[in-house]
Amino acid sequence: MVSLDYLVIGSGIAGLSFALKMAHKCPDRTVFIVSKADEDESNTKYAQGGVASVSDLGEDSYQKHISDTLIAGDGLCDAAIVEMVVKEGPERIRELMSWGVRFDTGKKWSVGIGS
C-alpha cells in the first residue's frame with residue numbers, strides 16, 4: 001500500500017503548478033501526479049489559443065477581460081472567480097516564466113468578444 005498526502009490528477013499546467021507549490025510549501029509531504037499517458041501529454045500542450053492575460057494597462061484592461069469571459073461563459077461563470085482569475089493572471093504568467101515556461105513574445109494579438 002502506498003501512502004501519500006496529495007494526489008494530483010493530470011500533468012497539465014494546473015496540476016503541475018499545484019504539485020510544485022505543495023512540494024515547496026510542505027517538503028515533508030508526498031505529492032503524486034497521475035497522467036493519462038506520458039508526462040508531457042496534457043491539454044496544456046495542445047492549447048493553441050494561448051493565454052489571455054492583461055499585459056499592458058495602457059491598451060487593455062482587466063474589465064475588458066472580465067466582461068469577455070462572462071459573455072463567453074453565457075451565464076455559467078461565477079463573476080467573483082472570473083475577476084480573481086483575470087486580476088491574478090499577470091502574476092501567474094510571471095510565476096510560470098520564473099519556473100522556465102517559455103511563451104511566444106512576438107506579435108501581440110488583441111481579439112475579444114466585447115472589443
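Buried means under 20% relative accessible area, exposed means over 50%, and partly exposed lies in between (1.4 Å probe, protein chains only). This is a predicted model: local features need pLDDT of at least 70, side-chain atom pairs count only at pLDDT 80 or more, and totals for chains, interfaces and linings use all residues. Residues are numbered from 1 along each chain as its sequence is written, and side-chain values use heavy atoms, with hydrogens and water left out.

Now step back to the whole chain. The protein chain has three helices and two strands. From the N terminus on, the order is β-α-β-α-α. The chain has 115 residues, and 21% of them count as buried. Contact means heavy atoms within 4.5 Å. Among contacts between residues at least 6 apart in sequence, 55% join residues at least 24 apart.

Next, the surface. The chain exposes about 9,100 Å², and carbon and sulfur atoms supply 56% of it. Accessible areas come from the Shrake-Rupley method with a 1.4 Å probe; for residues, only the protein chains shown count as cover. Which residues make the nonpolar surface patch of about 570 Å²? They are Val2, Leu4, Leu7, Ile9, Phe32 and Val34. Patches are made of residues with over 30% relative accessible area and no salt bridge; like charges are joined within 9 Å, and nonpolar side chains (Val, Leu, Ile, Met, Phe, Trp, Tyr) within 5 Å. Strand E1 (6–9) and strand E2 (31–34) each supply at least two residues of this patch. Val2 lies in the segment before E1. Val2 counts as exposed because its relative accessibility is 67%.

Charged side chains come next. A salt bridge is a side-chain nitrogen of Lys or Arg within 4 Å of a carboxyl oxygen of Asp or Glu. A search of the whole structure finds five of them. One joins Lys21 and Glu95, at 3.2 Å from N to O. Lys21 lies in helix H1 (residues 13–25) and Glu95 in helix H3 (residues 79–98), so this pair ties together parts that are 74 residues apart in sequence. Lys21 is partly exposed, at 35% relative accessible area. Glu95 is buried, at 18%.

Helix H3 also holds pairs of its own. Lys87 forms a salt bridge with Glu83, with the closest N and O atoms 2.8 Å apart. Both lie in H3, four residues apart, about one turn of the helix. Lys87 is partly exposed at 43%, and Glu83 is partly exposed at 36%. Arg94 and Glu91 meet in another salt bridge, at 3.2 Å from N to O. They are three residues apart in H3, so about one helical turn separates them. Glu91 counts as partly exposed, at 39% relative accessibility. Salt bridges that share partners also join Lys21, Glu88, Arg92 and Glu95 into one network.
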